[in-house]
Amino acid sequence: MKPFNATPPLIDADALVKKDQSRLIHPHLPGDSTERVVVVEGDGCRLRDAHGREYLDATGGLMLAHVGHGRRELIEAAAGQMSQLAYYSSFHEFTNAPSIHLAERLIELAPAPMERVYFTSGGAEAVDAALRMARLYHHRRGEPERTWVLARNFGYHGITYGGAAATGFPMFHQGFGPMMPNVRHLTPPMPFHPELYGGEDPTEFCLRELRETIEEIGAERIAVMIGEPILGVAGVVEPPADYWPRVRELLSAHGILLILDEVITSFGRIGRWFAAEALGVAPDFVVTAKGLTSGYVPLGALLVADRVADVVTRDEGFVGGYTYSGHPTACAVALENLAIVEREDLLTAATDVGGHLGARLRRLEELPIVGQVRQVGMMIAVELTRDPDTGEPLSAEWVPPLVRERAGVIVRNNPNAVLLSPPLVMSHDEADRVAAAVADVLTERATRSTRRKALPATPAPSVLDAAWSQPPAMSELLTAAMEWHFNPKTGSRFWLERAKTLDFDPRADIRTEADLALFPNIVDELRDVRIADLVPRGYGDERIPLDVYESGGTTGSPKRVAWLPDHHERLCAWHSEVLDDRGVPRDVNWLTIGPSGPHIFGPISRTMAHRRGGVPFSVDLDPRWAKKCVAQGRSEETRRYLEHVLDQVEWILRSQDVGVVFTTPPLLEALADHEEMADLINRKVRTLIWGGASMSVDTRGLFRDEVFPDAQLLGFYGSTMVGGGMYERAGLAADAPSTFDPPYPFISMRVVDPDTGETVPYGERGQVVMNHVSRAMLIPNNLERDTALRLPGAPGFGGDAVADIRPVPTFAGTAVVEGVY
C-alpha cells in the first residue's frame, strides 16, 4: 500500500464545495443540503478528502472498486491503450482488438450457456439492452405479442427507462410516470420477513404467485423475467437454494426468457465469478458492470445465450447501440482488472475477509435494534428493527453519517439496513476497524433505546466491573460511568463540584468517545486537590487501603491521583494476560530500575512480579532529581548518579536470577554501554520491558539485533495521569515505529493538532490526548506532553493507536527534559 502524499494537493476545499452546491445535481441529495465530501485521493481501501481527512471505504463506492483504489496497473493499461487507439465506434463492421479479447475472456468465465457479448457503458444500459433483446427475440420468432416483463418488488435494475420500470422500489416511479407499460412486479423470497408469505414457505409462495401470474397474463404474452440472483440494494438477501432452479424450470416450460442482473454479484463480489453458477441456474442473459473495470472507467457487458443471439442478430441485426459500445480503452482496463482479480485470488479473499467481517458484525444481532446480519462474500447488510418481536423496520439513514464522522469509515444504507460492500482487497485489520465503527454507533443507539424504556436507578455492575480483557462497548461504559461519577450518591466530591461549572450534563450528553472532548482538561487541578475528594462516594464509608501516585512533576508541582484497590487489580490482571500473550515468562524474578514511588512505575512492577510467580528486585531512582540535573547542565552530578544506579543493577544481576527487567530507554542505553552488564542480561534475562521515555526505530533495532539479541524487547507507553498504559503492538516490521494500542474503552486516545484541537488524519503527527474511564477514576481529555503518529487500532482493539512517541519541546511553558525517565 503506497502512502498518501505527505502534503495533500493544494486544493481550496471550501471554494470547491461552493461551486459544487451551485452547479452539480447529485443523485439522492436534496437541493438544500450543504454537506459535501470532496474526495481527492484513493489507495486500496483508503480515501482522502480535500481537507486531508482519511476514510476507510467499506462500500466500494457503489458496490464496486473490487481491486481497490489507485491501482497503477489499470492506469498504465488505460494510458497504453489511449496511446494507440483511445476510441473508435463499434457500430456496423468496425471493431477493435481490446473488445474482441475482452469478449473472449468473459465467455471463458461466464456460466453456460453464455456465448455472445454486447458492450454498454454501464449496468442500466445493459438492462435496457436485455429487455429490448428479449422482446425482439420473440418478435422475430413470430410472437410479437410477447411484450410483458416480470420483475420483482425490491429488485433494483438501474434508472434508465426500462431499468427503472423493472426496478421494484416505488420511489423510482413516483413523479416519473407513465413508466414503461406491461411490467408486473412479483414477491421475492425474503425468509427474514415471513409476514410477506402468510405462513407459507417463501419459495412455495413465490412459485405459486408466479404460476398464477403467468396464467392471468397468459404465457403467450410474456417475454422475459428479470431478477437479481441475490437482492443487493434490498439488503443482501440470498434466496432459498431451490428458488432459482424452480423459477427457471417454470419459465422454460412456458417459453419465457430469464435475465439475471449480476451487475453487483459478478466478478468476485460473492466469491465466485458469477452468482448463476453458485445458484445452479442457467439464464438467457447475464447483465454485468461494476466489477468489470472496478469503476476505473464506465463499462457494462450483456452476456447472451447463443440461441437468443442467433435470433436478435439475424436480418438487419440488433438495431440500436451506444456511442461507447466496445470502447477500446474501457475494454483494455477491464482485461487488466480481471487479470488482477485472478492473479491476486480476490475471489478467495472475498470469501475469507467477507466471512471474517460478517462474523464480527453478527455479534450485533444481540442488540435489540438489529434484526439480522446477512453476508454473502463481500456483500453484507445489517437490517435494523424497532421491535425484534414484530420485525417493525427502523430507518438506517442516520448510521452512515455517524460512522463516517466518528470513525472515518464509509458505509451506505437502504431504507432500513446498513450496507457494506468493500473492495475485495480489504485486509482483516481493515475489516475489524469497519466492524468496530458500525458496532459503536449501533450499540450507542441500542443503549439509548434501552435507557428510554427503563432507566436503571444505578448502572449495571457488570459494565463498570468488567475485566479489561473482556471490555464492554464504549457507549455502554460511558453510560454507566457518567451515571456513577455524576450521581450525587456515587460520584466523588471533586467531580460533583466540578460538574456545576460544566455547560453540559455528563449523564445525558456523554455517549461516545468523541463526546469526552466536551470535558475540560482537569489534570492541573489535581496538583492540590484533597486526595479524599477524588474517591467516588459509591465505594461507601468503609476504610479503603488507598494509594496515592504522582506525575513526574515535569511542568511544576506533581499531579496526584487516588489509586483504588479494585482498579489496581483489574489493571494488573489485564497486564498479566497481555504478557502471557506476548510470551513473557512466568515464575521468574523481576528487576525494576525506576522510581519506587510516588510514581506508579515501581508498584505496578512489584505486583506483576508477585502475580506471575516471581520475586521483585528493584533499584530505586529519583527521576525528578535526574531531570533537574540535566536541565541545569550539571553533567558531572548526572554521571555520578547514573553510576550509582548502575552499580546496584550490576550487583543484583550478578548475584540473582532475573528473568524480566523493566526500565527506561535511557537506562537501557546505559546498560548497553557496559559490555559486562549487557553480557549478563543476554545470559540471564528473557524479556526487557521499556517505558517512560521515547525510543527511536534505530535504537530499538540496535538493542534487538546487536546489543540484547537473546532477550525479548517489549515497549510500554502510559502514565500515572491516564491510570495505566499499553504495550507495543506485536508483529511490527523492523522499520516500523513502536506502535501502542490502548486497553479500549477504559483508556482511549486522540491525536490532535495542538493549535486547533482537531483530530489529525491517520498517519499524521499531533499531540496525544488521553481519556481514562472506569469506576475508580475519570480523567477525560488529558493533553499529554507527547506527540505521536495517529494510526488505526489493531484487530481486537478499539479506538485509535499511536506510534513513534516523542516528547514535546515545551509543555505548559516549561521545557520538557526526559532524563532517565
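Reply: A definition comes at the outset: helices (H or I, at least four residues) and strands (E, at least two) are DSSP runs, numbered from the N terminus. With that in place, Leu131 can be located in helix α5, residues 123–140. The model is predicted, so local features need pLDDT of at least 70 and side-chain atom pairs count only at pLDDT 80 or more, while totals for chains, interfaces and linings use all residues. Residues are numbered from 1 along each chain as its sequence is written, and side-chain values use heavy atoms, with hydrogens and water left out.

Me: Is Leu131 buried or exposed?

Reply: Leu131 counts as buried because its relative accessibility is 6%. Buried means under 20% relative accessible area, exposed over 50%, and partly exposed in between, with a 1.4 Å probe and protein chains only.

Me: And what does Leu131 touch?

Reply: Setting aside residues up to four places away in sequence, Leu131 touches Val149, Gly162, Gly163, Met180, Val224 and Ile259. Contact here means heavy atoms within 4.5 Å. Leu131 and Ala223 are 92 residues apart in sequence, yet their C-alpha atoms are 8.6 Å apart in space.

Me: Let us step back. How many helices and strands are there in the protein?

Reply: The protein has 25 helices and 31 strands. Its C-alpha atoms fill a box of roughly 105 × 60 × 55 Å along the principal axes. Of the 821 residues, 56% count as buried. Among contacts between residues at least 6 apart in sequence, 70% join residues at least 24 apart.

Me: Which residues touch the most other members of the largest nonpolar core?

Reply: Those are Leu526 and Ile593, in a core of 98 residues. Helix α16, residues 474–486, gives the most to this core, with eight residues. Apart from it lies another core of 65 residues, among them Ala350, Val370, Val411 and Leu442. A nonpolar core is a set of buried Ala, Val, Leu, Ile, Met, Phe, Trp, Tyr and Cys residues joined through side-chain atoms within 4.5 Å.

Me: What does Ile593 touch?

Reply: Beyond residues up to four places away in sequence, the contacts of Ile593 include Phe601, Val619, Leu621, Val645, Phe662 and Leu671. Phe601 is also one of the buried residues of helix α20, residues 601–611. Just after α20, Gly613 takes a positive phi of about 85°.

Me: Where are cis peptide bonds found?

Reply: One runs from Gly177 to Pro178, with omega near 0°. Pro178 is in the loop between α6 (161–166) and β6 (183–186). Another joins Tyr744 and Pro745, where omega is about 5°. Pro745 lies in the loop between β25 (739–740) and β26 (747–752).

Me: Now the strands. How many residues of β28 are buried?

Reply: Eleven of the 15 residues of strand β28 (778–792) are buried, which leaves the strand mostly covered.

Me: And which way do β27 and β28 run, parallel or antiparallel?

Reply: Strand β27, residues 765–773, runs antiparallel to β28, and seven bridges join them. Two strands pair if DSSP finds at least two bridges between them. Val769 stands opposite Leu783 in β28, and a hairpin of four residues joins β27 to β28. β28 also pairs in the antiparallel sense with strand β29, residues 800–807, over six bridges. There, Leu789 stands opposite Ala803 in β29.

Me: One last stop. Where is Asn416?

Reply: Asn416 is in the loop between β15 (412–414) and β16 (417–420). Asn416 counts as buried because its relative accessible area is 18%. Leaving aside neighbours within four places in sequence, Asn416 is in contact with residues including Val382, Glu383, Leu384 and Pro393.
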